[in-house]
There are 2 protein chains.
Amino acid sequence: MSIPPSISHILKAGPIHFGPFLVTTQVFHLTPHTYALVNLKPILPGHVLISPRRVVPRVTDLTPTETSDLFLTVRRVARMIERVYGASSLNIAIQDGVDAGQSVPHVHAHVIPRRRGDLDARGGVDAVYELLDGEEGDLRGGLGAGGDGNGGRGRRFPKVDDEGRVARGMEEMEGEAWMLAREMEREVEVGE
Amino acid sequence: MSIPPSISHILKAGPIHFGPFLVTTQVFHLTPHTYALVNLKPILPGHVLISPRRVVPRVTDLTPTETSDLFLTVRRVARMIERVYGASSLNIAIQDGVDAGQSVPHVHAHVIPRRRGDLDARGGVDAVYELLDGEEGDLRGGLGAGGDGNGGRGRRFPKVDDEGRVARGMEEMEGEAWMLAREMEREVEVGE
């Protein structure tokens with residue numbers, strides 16, 4: 001399988017950081033101010049993150065240009081994710097600051113594709129938020145350079161069943177990043 | 001107390017709808033494509049909603065211009081709310097579609113100011129999301145024209161303690177809208 005053009009572009013443009021972590025090979029879409037990356041432990045298949053390229057902790061730290069670019073990217077990625085994962089709805093959530101549950105001090109919007117009844121066995125429609133609580137700690141313990149190496153300092157355990165939230169290998173994440181990069185290339189061609 | 005200039009502008013520009021509900025007098029900020037309104041039953045003091053003026057259910061229904069305007073407004077309102085309510089963090093969340101928990105079919109971003117330990121007595125930092133689940137049903141039963149008059153058809157009860165989530169009178173909400181309108185006038189003067 002040949003490398004998608006947008007992945008070549010991303011690898012040339014890197015390194016890309018998520019807080020202290022090097023995530024270049026998990027990135028599947030890059031704009032002038034924003035990137036989108038796959039997750040180490042998605043809450044549901046297709047759960048991805050959208051971040052500004054500049055490492056800043058709070059939404060209010062973004063310039064107007066970065067803000068527009070971030071959310072135009074959220075909208076476009078969200079539409080692609082909903083199509084590719086056969087979803088009917090999406091949760092879009094930002095934990096903006098530590099007292100709102102943020103654990104990696106770098107702005108990131110969660111985009112989580114939803115289907116009717118998808119979390120019935122794990123606590124219901126809003127269990128997604130309790131599951132979110134464990135997600136970033138997992139990233140902190142799991143992702144490459146910059147990790148603290150102790151398996152997730154400050155990690156909080158999800159309050160509901162975390163069945164299915166298995167840490168994935170780099171190969172699987174990179175495969176998903178390539179697949180989503182191709183889908184984003186299609187999405188951008190289709191336009192608004 | 002004289003009417004804030006931005007409130008005069010909003011009342012002239014109305015009527016403003018949130019889904020089927022007339023909410024003109026709860027609106028405290030208006031831009032070409034976006035408005036911000038106070039809540040009938042805020043989860044925490046300062047919990048407000050930001051919506052596009054055009055009544056559309058999904059984020060993907062927004063034009064790029066509407067998307068930029070919505071989130072630039074979220075950012076500016078969020079900064080004001082954090083300052084006015086003495087918060088240290090914010091939750092920003094969109095339930096984009098019914099299978100993600102949306103109950104009023106009109107795009108809206110929740111902005112909820114947070115402080116350390118503010119929900120400790122009501123279930124912890126992430127209880128905010130469970131509380132969100134009841135919020136829209138409350139709006140549906142309680143707000144003016146377009147309400148179904150049966151106290152909240154389809155209303156789901158919060159799963160955690162809802163102490164403090166008392167339905168407010170119109171006078172209180174309009175007073176808050178005037179106060180926040182003045183604060184937004186200050187915010188816009190300060191610039192980015």
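Modeller: Buried means under 20% relative accessible area, exposed means over 50%, and partly exposed is anything in between. Keep those cut-offs in mind as we go through this model, which is predicted.

Colleague: Happy to. Let's begin with the contacts between charged side chains. How many salt bridges are there over all chains?

Modeller: The general idea is a side-chain nitrogen of Lys or Arg within 4 Å of a carboxyl oxygen of Asp or Glu. By that rule the count over all chains is 18. One of them pairs A:Arg58 with B:Glu82, where the closest N and O atoms are 2.6 Å apart.

Colleague: Where do B:Glu82 and A:Arg58 lie?

Modeller: B:Glu82 belongs to helix α2 of chain B, while A:Arg58 sits in the loop between β5 (48–52) and α2 of chain A, so this pair joins two chains.

Colleague: And are B:Glu82 and A:Arg58 buried or exposed?

Modeller: Both B:Glu82 and A:Arg58 are buried.

Colleague: What is the distance between the closest N and O atoms of B:Asp99 and A:Arg116?

Modeller: In that salt bridge the closest N and O atoms are 3.6 Å apart. The pair crosses between chains: B:Asp99 is in the loop between β6 (89–96) and β7 (109–114) of chain B, and A:Arg116 is in the loop between β7 and α3 (127–142) of chain A. For accessibility, B:Asp99 has a relative accessible area of 10%, so we call this residue buried. A:Arg116 has 66%, so that residue is exposed.

Colleague: Now a pair inside one chain. Why does the salt bridge of B:Glu183 and B:Arg83 tie together parts that are 100 residues apart in sequence?

Modeller: First the contact: the closest N and O atoms of B:Glu183 and B:Arg83 are 2.8 Å apart. B:Glu183 lies in helix α4 (residues 170–190) of chain B and B:Arg83 in helix α2 of chain B, so the bridge links parts 100 residues apart in sequence. B:Glu183 is buried because its relative accessibility is 16%, and B:Arg83 is partly exposed because its value is 36%. Over in chain A, salt bridges that share partners join A:Arg79, A:Arg83, A:Glu183, A:Arg186 and A:Glu187 into one network.

Colleague: What rotation superposes chain B on chain A?

Modeller: A rotation of 180°, with 0.0 Å of shift along its axis and an RMSD of 0.0 Å. The two copies are therefore related as by a two-fold rotation axis. The same surface serves both copies, as 100% of the contact residues of chain B recur in chain A.

Colleague: Last one: which residues does UniProt list for "binding site"?

Modeller: The unreviewed UniProt entry lists seven positions by name, including A:Gln95 and A:Val104. A:Gln95 lies in strand β6 (residues 89–96) of chain A and is buried because its relative accessible area is 2%. A:Val104 is in the loop between β6 and β7 (109–114) of chain A, and at 1% relative accessibility A:Val104 is buried too.

Conventions
Residues are numbered from 1 along each chain as its sequence is written. Chains are lettered from A and ligands numbered from 1 in the order in which they are written. This is a predicted model: local features need pLDDT of at least 70, side-chain atom pairs count only at pLDDT 80 or more; totals for chains, interfaces and linings use all residues. Side-chain values use heavy atoms; hydrogens and water are left out. UniProt positions are given in the numbering used here, feature names are shortened, and annotations may be inferred rather than shown by experiment. Helices (H or I, at least four residues) and strands (E, at least two) are DSSP runs, numbered from the N terminus. Buried means under 20% relative accessible area, exposed over 50%, partly exposed in between (1.4 Å probe, protein chains only). Copies are superposed by least squares on the C-alpha atoms of residues with pLDDT of at least 70 in both. Contact means heavy atoms within 4.5 Å.
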